[in-house]
Each structure stands twice: as structure tokens, then as C-alpha cells.
Amino acid sequence: MQLARVLGEVVATIKDENLTGHKLLVLQPLTPAGEATGRAVVALDSVGAGVGENVFFVRGREAAFPFYPGEPPADATVVGIVDHWTLG
């Protein structure tokens, strides 16, 4: 899992039918210190996250698991909203 901040939403009027009804979010991955790292990612939303929230997301095959038994074509999915985190 990785931390990220939600930058915005994606609107796609033409898409794979298995994505119908799923919200797409633009995420900026974060370091544990909360700094932006890497390129922005488009991810499916399984938890109702909104712009400006910190979230954690998964990549790869696991990205479709929250939608079982459906299998949307996803490389990344938001699976949690972060309330806060601390570094030890």
C-alpha cells in the first residue's frame, strides 16, 4: 500500500463498461514525511474519498479485489482514507 493525496477527479464519458459507476481519482503519491513523490496516478475509488484527502491505495492485481465479484480493469484503487499518521 502507498500513501497519496487526492488531487482531483477524472470524468470519462467513453470507457470500458466495467468502469461504469466507479469514480476515478487523480492521486499524488506521498513519502512517509508527507512530501510529493513520483508521478500522479489515476485510481478507482472504493471508499468515497474526496479532493484534498490523504488516502492509501494498492496497485496491481489487488486493485480489483474491493469490487469482487466484479473485475474492473484497474491498476490502482483507493482502499482507505487516512485520518493521520505519525513517524516514530
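This report covers the fold, strand pairing and overall dimensions of a predicted model.

## Basis

Local features require pLDDT of at least 70 and side-chain atom pairs 80 or more, while totals for chains, interfaces and linings use all residues. Residues are numbered from 1 along each chain as its sequence is written, and side-chain values use heavy atoms, without hydrogens or water.

## Fold

The protein chain has five strands and zero helices. Both are DSSP runs numbered from the N terminus: strands are E, at least two residues; helices are H or I, at least four. The order from the N terminus is β-β-β-β-β.

The strands form a closed barrel, ordered 1-2-3-5-4, with mixed pairing. Twist from one strand to the next averages 55 degrees; axes are lines fitted to C-alpha atoms, with angles from 0 to 180 degrees between N-to-C directions.

## Strand pairing

Pairing requires at least two DSSP bridges between two strands. Strand 1 (residues 2-10) runs antiparallel to strand 4 (residues 54-59), joined by four bridges. Here Gln 2 stands opposite Phe 57.

Strand 4 also pairs with strand 5, antiparallel, over five bridges. Val 58 faces Thr 77 there. Strand 3 (residues 41-45) and strand 5 (residues 76-81) are parallel, with two bridges. Asp 45 stands opposite Val 78.

## Dimensions and packing

Of the 88 residues, 34% are buried (under 20% relative accessible area, 1.4 Å probe, protein chains only).

Technical notes:
Buried < 20%, exposed > 50% of the residue type's maximum accessible area, 1.4 Å probe, protein only.
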